[in-house]
Amino acid sequence: MTAPPKPGSSPPSSSRSQPGAEHPHERPDHQPGHPLAQPDLRSVPREQPPDPAALAALFLATRAATLALAAPLSAEDMQAQSMPEASPVKWQLAHTTWFFETFILAELGLPAFHPAFSALFNSYYQSVGSPHARHLRGLLTRPSLAEVLRYRQHVDDQLLRALPELGPALLARVLLGCHHEQQHQELILTDLQHLLAHNPLRPAYRTATHLSPRPADLSPEPADHNLSPRPADLSKRPADLSQRPSDLSPEPADPAWHRHPGGIIEVGHAGRGFAFDNEGPRHHTLLRPFELATRPVRNAEYLAFIRDGGYTRPDLWLSDGWDAVQRLGWRAPLYWSEDLRTRFTLHGEQPIDPEAPVCHVSYYEADAFARWSAARLPLEHEWEIVAADAPIAGNFVESGRLTPAPQPRPRLFGDVWVWTASPYTAYPGFSPAAGALGEYNGKFMCNQIVLRGGSCATPQAHIRSSYRNFFPPEARWQFSGIRLAR
């Protein structure tokens, strides 16, 4: 991609990578110039209004990164919808634009690009009108992709012209819109993978030039892949992992586990940089002493669970989980082949890497695996207190892998979102924002489970230790994995 225009200027159309055509893909290098790099504003105090010039740079980079993700796709790829929970790429390109038009430009009295778009590309904000039915988004053959791209360009131009004169409240909305679009960047990839997986051709979104996969050891007895440090070897049923000292007095450290003494701790967003409203208010909570695995569960370990009859033993499953196993015919993680040798990825069908974190599992599967392992899933605040001082480093979307990778060193962020044992509920003192933006998070605080840590499809600048992702317990199409606690 060519360099973006200076903040505050109107970007020429030629500066944008246009979806719907083929483009060469170079290995992302984490440098500010590569297509998925997005500025990190986490160090800015939350109460301080964003600097307009820095915000313009973030806006341009965020919008360009979304188009870069769409660039390998045809118009047909971007039209289809594989299930009601997933959205077409074309619709997401328009919806993220609708967000800026509705919550910033309309507040300035600027006319809409097209009056019908207010309903077509509204997701769930009932306060601003009745949205088009979610399960029918794939039937919106009109507007065309070309018109959606013109819509994006129009809104970009309007917002960049207005941005230098915006007050603090609307600047904060622009920042929210950028983070909202970063969420959709991940959804574009997960929804697209689900779509392509339904195609008998097993097409790749992008060729696997960034991978060096190793075939899994598929012998009757899983090999002991000797990586150290890592969570306890789960390829054989462990001894009683619940046995541990009653206190946490000094002993030789187990490199497979982070040990924490518990107590009254502070959790929630600490106030610097952007955060969604559901990450606060910061508050105290009580934790018992616990241990958190230093690594997510690997494919080799999950394969041992399958071979031990994990999907055929009702004693391992929550009642709703066992119902899902029977009703949906689950026998392995989503996208795994029947012979347990390959899995469908954004790079097409690939050998299962035994050392890579297992992904595309539901909360029910994660909970059953934890029970089989004589362990449990962590509470969300157990994960957060351990991650609070950890570097935000790992396998994110900028790596270009777009699939979980083996971890040479233990890390808490990236590769897979990890299911916690915590329901998605409001923190003490939480109050949603007034108006339509109050619908962003609060109204979903029911029948959802919290996930933490980000994934290989998450922008690195988007994630933080207080970030609370959430999905229904049956969901499997996200890059969701498992990290054990005890």
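Student: Happy to start with Tyr-125: is Tyr-125 buried or exposed?

Tutor: Buried means under 20% relative accessible area, exposed over 50% and partly exposed in between, with a 1.4 Å probe and protein chains only. Tyr-125 has a relative accessible area of 0%, so Tyr-125 is buried.

Tutor: Some background: this is a predicted model, where local features need pLDDT of at least 70, side-chain atom pairs count only at pLDDT 80 or more, and totals for chains, interfaces and linings use all residues. Residues are numbered from 1 along each chain as its sequence is written, and side-chain values use heavy atoms, leaving out hydrogens and water.

Student: How many aromatic pairs does the structure hold?

Tutor: Rings of Phe, Tyr and Trp (its six-membered ring) pair if their centres lie within 6.5 Å; planes under 30 degrees apart count as stacked, over 60 as edge-to-face and the rest as tilted. The number of aromatic pairs in the structure is 35.

Student: Which kind of pair do Phe-117 and Tyr-151 form?

Tutor: Their ring centres are 4.9 Å apart. The planes meet at 70°, so this pair is edge-to-face.

Student: Which residue lies over the face of Trp-91?

Tutor: A charge sits over a ring if NZ of Lys or CZ of Arg is within 6 Å of the ring centre and within 35 degrees of the ring normal. At 3.7 Å from the ring centre of Trp-91 lies Arg-137.
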